[in-house]
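Here is a short tour for your next look at this protein. Please keep the model open as you read.

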Amino acid sequence: MNRQAPRGPSLALLALLVVAGTVTGCTPQEKDGGSSGHGPDANAKAGPALAAVDSLTVKGRAPKTGYDRGRFGSPWADTDSNGCGTRDDILKRDLEDVKYRDGDCEVASGKLAPDPYTGKDVTFTRGRSQVDIDHLVALSDAWQKGAGKWQPSKRIAFANDPLNLLAVDAGPNRGKGDGDTATWLPPDKGYRCAYVARQVAVKKKYEVWVTGAERDAMKRVLSGCPEEKLPTGGSATAAPGRFHAR
């Protein structure tokens with residue numbers, strides 16, 4: 001009796017394999033304002049900001065012992081010697097429809113349109129402002145990750161560096177406290193990539209270290225936007241000698 005040739009997979013089995021391959025091969029990455037909801041994408045090409053995360057030193061958080069705002073000098077010192085305090089410099093940079101109290105330095109009113117943290121417009125009126133100037137890398141966070149050992153001139157420069165400053169809605173900013181990327185992100189998911197890239201840039205510039213959880217959170221966000229650029233610029237990393245801190 002003639003033997004039959006081996007029979008191939010049934011049509012039903014072939015169909016199942018095709019469906020399974022389609023499902024596993026085409027599942028879109030979940031986005032979270034550019035970030036993945038399931039950790040860093042192993043296949044993402046590292047762009048400037050994402051690649052820079054690996055250049056940051058990873059260490060545990062040091063104690064907050066000895067931290068005081070005065071360790072970073074007088075608030076909003078005119079370290080760039082343009083005749084205006086840092087706070088007004090950032091308000092002029094970030095607000096629209098700016099009006100001045102006198103001359104072209106002290107900002108009297110304007111509009112944050114939109115606020116980067118919420119995506120909503122916020123009106124600024126001096127004396128009853130709903131706008132804060134946020135240190136993207138909080139002074140207390142920096143203190144616990146290296147700044148406690150810096151020279152005063154470096155801490156003063158850090159506190160007044162435009163690269164680390166942003167006009168934002170006061171509400172979410174005060175909720176942020178001294179949180180890092182692992183513990184706080186802007187409510188507006190569309191701004192998270194830019195926000196994290198700025199934090200990476202500041203920490204790289206000033207050699208502020210990150211915790212392991214913080215590094216992983218930075219990668220998780222930036223892997224969803226791997227071409228995000230690393231911001232540059234700001235001031236020098238040492239303030240002029242006429243400024244002093246505790």
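Gln-199 sits in helix H7 (helices are DSSP runs of H or I with at least four residues, strands runs of E with at least two, numbered from the N terminus). This is a predicted model, where local features need pLDDT of at least 70, side-chain atom pairs count only at pLDDT 80 or more, and totals for chains, interfaces and linings use all residues. Residues are numbered from 1 along each chain as its sequence is written, and side-chain values use heavy atoms, with hydrogens and water left out.

**Gln-199**
- Gln-199 counts as buried because its relative accessibility is 1% (buried means under 20% relative accessible area, exposed over 50%, partly exposed in between, with a 1.4 Å probe and protein chains only).
- Not counting residues up to four places away in sequence, Gln-199 touches Leu-136, Val-137, Lys-176, Asp-180, Thr-181 and Met-218 (contact means heavy atoms within 4.5 Å).

**The largest nonpolar core**
- This core has 21 residues, and Met-218 is among those with the most contacts inside it (a nonpolar core is a set of buried Ala, Val, Leu, Ile, Met, Phe, Trp, Tyr and Cys residues joined through side-chain atoms within 4.5 Å).
- Helix H2 (48-53), strand E5 (165-169), helix H7 (192-206) and helix H8 (212-222) each supply at least two of its residues.
- H7 gives the largest share, five residues.

**Gln-144**
- Gln-144 lies in the loop between helix H4 (139-143) and helix H5 (152-160).
- With 7% relative accessibility, Gln-144 also counts as buried.
- Leaving aside neighbours within four places in sequence, its contacts include Arg-61, Asp-178 and Trp-209.
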